[in-house]
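Please open the structure in your viewer and display the backbone together with the side chains.

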Amino acid sequence: MVYVATAVATKSVGAAVEGLKALGFVGANVTIPHKEAVLPFLDRLSDAAQAIGAVNTIVRKETASGEAILWGDNTDVTGFLAPLMPFKSQLTGKPMLIFGAGGAIRAVVYGLLTMLKPSRLSLVVRNPEKAAPFMQDMAIYDPTKALHVTTWQELETHLPDAALLVNGTPLGMYPHIDQNVWESKAYHPHQIAYDLIYNPMETSWLKHVKAAGGLAISGLEMFIGQAAAAYRQWTNQEMPLDLVRQTLLDWRMKQEAAP
Ligand code: NAP
């Protein structure tokens, strides 16, 4: 098998998907800006892709009658949840807090509501009206009405009892690596901080929470996890996680050393 990267113009998304089928590809990844545009050209969608309204992985499958169909999935959900699974019992049913409510957070919220069932899931946003359609989309996965919007001014109220904190904003992303999402004296050792940012691998915010005794998870784990979930579906094999992680770390070190 080979994995190639190809740029596709917006007007050619449908033709590109049809081409995958015609050429007998086992599947494809889809990235920005086509994750939503690809939906109408797929034969079936996973529950996650349907809930989130975005596809990052296409898998060729065969129906019982031998017909090839293209199935769309969103492996950002599995990828996000993967590094949290060792803490599943510790996190299940606990209050959680998320900074931001953009594209990536859709997968995060769906994953948390369906897998870890938080008692409260606070979304910290700049503009609550902008988050309203997303809140409506998620309502059917939220029978206990755990999900609610809060503002940056009010977030300290929810910070101390949050067992999991997730950063879904670009605050702290390269080149603004000195930006810290939220400085606070309220962080404590029983919290897990998960930054979706993977460049840098450890953001200023993760360092800040770690200094208070909390556990830090880098966005690199989600990045690797979403790839592993796609790889598994195309090959029926496990992706060599350690090799991939080491290759990415070596690549990053070379980049940082470059003049
Ligand atoms: P996005 O759709 O642009 O959403 C960004 C969110 O952050 C929005 O809610 C936005 O609020 C908020 N925000 C932006 N600047 C802010 C600021 N200065 N102060 C407060 N809030 C701010 O971006 P995205 O695609 O969700 O990506 C978000 C982050 O996740 C990025 O760092 C990206 O690299 C990372 N990511 C990681 C993975 C992974 O595999 N690890 C996958 C996808 C994304 P407004 O709506 O008010 O602008």
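A residue is termed exposed when its relative accessible area is over 50%, buried when that area is under 20%, and partly exposed in between. The model is a predicted one.

Select Asn236 first. Asn236 counts as exposed because its relative accessibility is 71%. The residue sits in the loop between H8 and helix H9 (241–257). Its phi is positive, about 60 degrees, although Asn236 is not a glycine.

Next, select Thr235, which belongs to helix H8 (residues 219–235). Display its polar contacts: a polar atom of the Thr235 side chain lies 2.7 Å from the backbone oxygen of Tyr231. The side chain of Thr235 also reaches the backbone nitrogen of Gln237, at 3.0 Å.

Proceed to Lys117, in the loop between helix H5 (103–116) and strand E6 (120–125). Lys117 is not a glycine, yet has a positive phi of about 40 degrees. With a relative accessible area of 53%, Lys117 is exposed.

Now select Met173, Tyr174 and Ile177, which form a nonpolar surface patch with about 310 Å² of accessible area together. Met173 is located in the loop between strand E8 (164–167) and strand E9 (192–195); its relative accessibility of 38% makes it partly exposed. The peptide bond from Tyr174 to Pro175 is cis, with omega near 5 degrees.

Finally, select Pro33, in the loop between strand E1 (27–29) and strand E2 (44–45). The peptide bond from Ile32 to Pro33 is cis, with omega near 10 degrees.

Methods: Residues are numbered from 1 along each chain as its sequence is written. This is a predicted model: local features need pLDDT of at least 70, side-chain atom pairs count only at pLDDT 80 or more; totals for chains, interfaces and linings use all residues. Side-chain values use heavy atoms; hydrogens and water are left out. Helices (H or I, at least four residues) and strands (E, at least two) are DSSP runs, numbered from the N terminus. A polar contact is a pair of N or O atoms within 3.5 Å; within protein, one must be able to donate a hydrogen and the other to accept it, and residues adjacent in sequence count only if both atoms are side-chain atoms. Patches are made of residues with over 30% relative accessible area and no salt bridge: like charges are joined within 9 Å, nonpolar side chains (Val, Leu, Ile, Met, Phe, Trp, Tyr) within 5 Å. Accessible areas come from the Shrake-Rupley method with a 1.4 Å probe; for residues, only the protein chains shown count as cover. A salt bridge is a side-chain nitrogen of Lys or Arg within 4 Å of a carboxyl oxygen of Asp or Glu. Buried means under 20% relative accessible area, exposed over 50%, partly exposed in between (1.4 Å probe, protein chains only).
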